[in-house]
Amino acid sequence: MTLKIHIDDSAPPYEQVRAQISEQARSGALPVGYRLPTVRGLAESLGLAANTVAKAYRALETDGVIETRGRNGTFVAAAGSAAAREAATAAQTYAERVLRLGLDEAEALSTVRDALRAAYGTH
């Protein structure tokens with residue numbers, strides 16, 4: 001597992017950890033059942049606070065990307081289809097972005113509906 005944290009990136013470090021692990025799991029670079037480093041171990045190797053990595057792991061667990069098995073550790077979880085996982089990640093990224101841009105929910109939905117109509121060639 002290779003992660004790179006960019007301090008000058010607009011995304012917070014925990015989000016960078018979450019996104020990179022999620023992408024590596026989705027692409028198969030981290031196979032189902034792969035044991036992830038401990039929170040403390042990954043934090044030390046990345047030069048981050050343990051709470052930062054713990055926050056990323058919690059988000060990944062909520063997303064179903066990883067699962068914690070108590071004292072046995074944290075592992076890449078089996079999940080649904082790769083296309084569905086990628087779509088969910090893209091939707092989450094879009095939602096976070098339009099929120100930062102200040103769009104309300106109706107504007108965000110209208111924008112995505114327009115994009116889907118254009119992509120699928122429907123009116």
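Me: In this predicted model, what makes F75 the partner of E67?

Reply: F75 lies in strand 3 and is the bridge partner of E67, and the pairing of strand 2 with strand 3 (residues 74–76) is antiparallel and runs over three bridges.

Me: Why are strand 1 and strand 2 called edge strands?

Reply: The open sheet has three strands in the order 1-3-2, with antiparallel pairing. Strand 1 (35–36) and strand 2 (66–68) each pair on one side only, and they are the edge strands.

Me: What makes helix 3 a neighbour that packs on the sheet, and which strands does helix 3 touch?

Reply: Helix 3, residues 50–62, packs on the sheet and touches strand 1, strand 2 and strand 3, where contact means heavy atoms within 4.5 Å. The direction of helix 3 makes about 110° with that of strand 2.

Me: How do you know where these elements belong in the order of the protein chain?

Reply: The protein chain holds five helices and three strands, and from the N terminus on they run α-β-α-α-β-β-α-α.

Me: What share of the protein chain is called buried, and by what cut-off?

Reply: A residue is buried if its relative accessible area is under 20%, and buried residues make up 24% of the 123 residues in the protein chain.

Note on methods: Residues are numbered from 1 along each chain as its sequence is written. This is a predicted model: local features need pLDDT of at least 70, side-chain atom pairs count only at pLDDT 80 or more; totals for chains, interfaces and linings use all residues. Side-chain values use heavy atoms; hydrogens and water are left out. Helices (H or I, at least four residues) and strands (E, at least two) are DSSP runs, numbered from the N terminus. Buried means under 20% relative accessible area, exposed over 50%, partly exposed in between (1.4 Å probe, protein chains only). Two strands pair if DSSP finds at least two bridges between them. Axes are lines fitted to C-alpha atoms, for helices over the stretch in contact, and angles run from 0 to 180 degrees between N-to-C directions.
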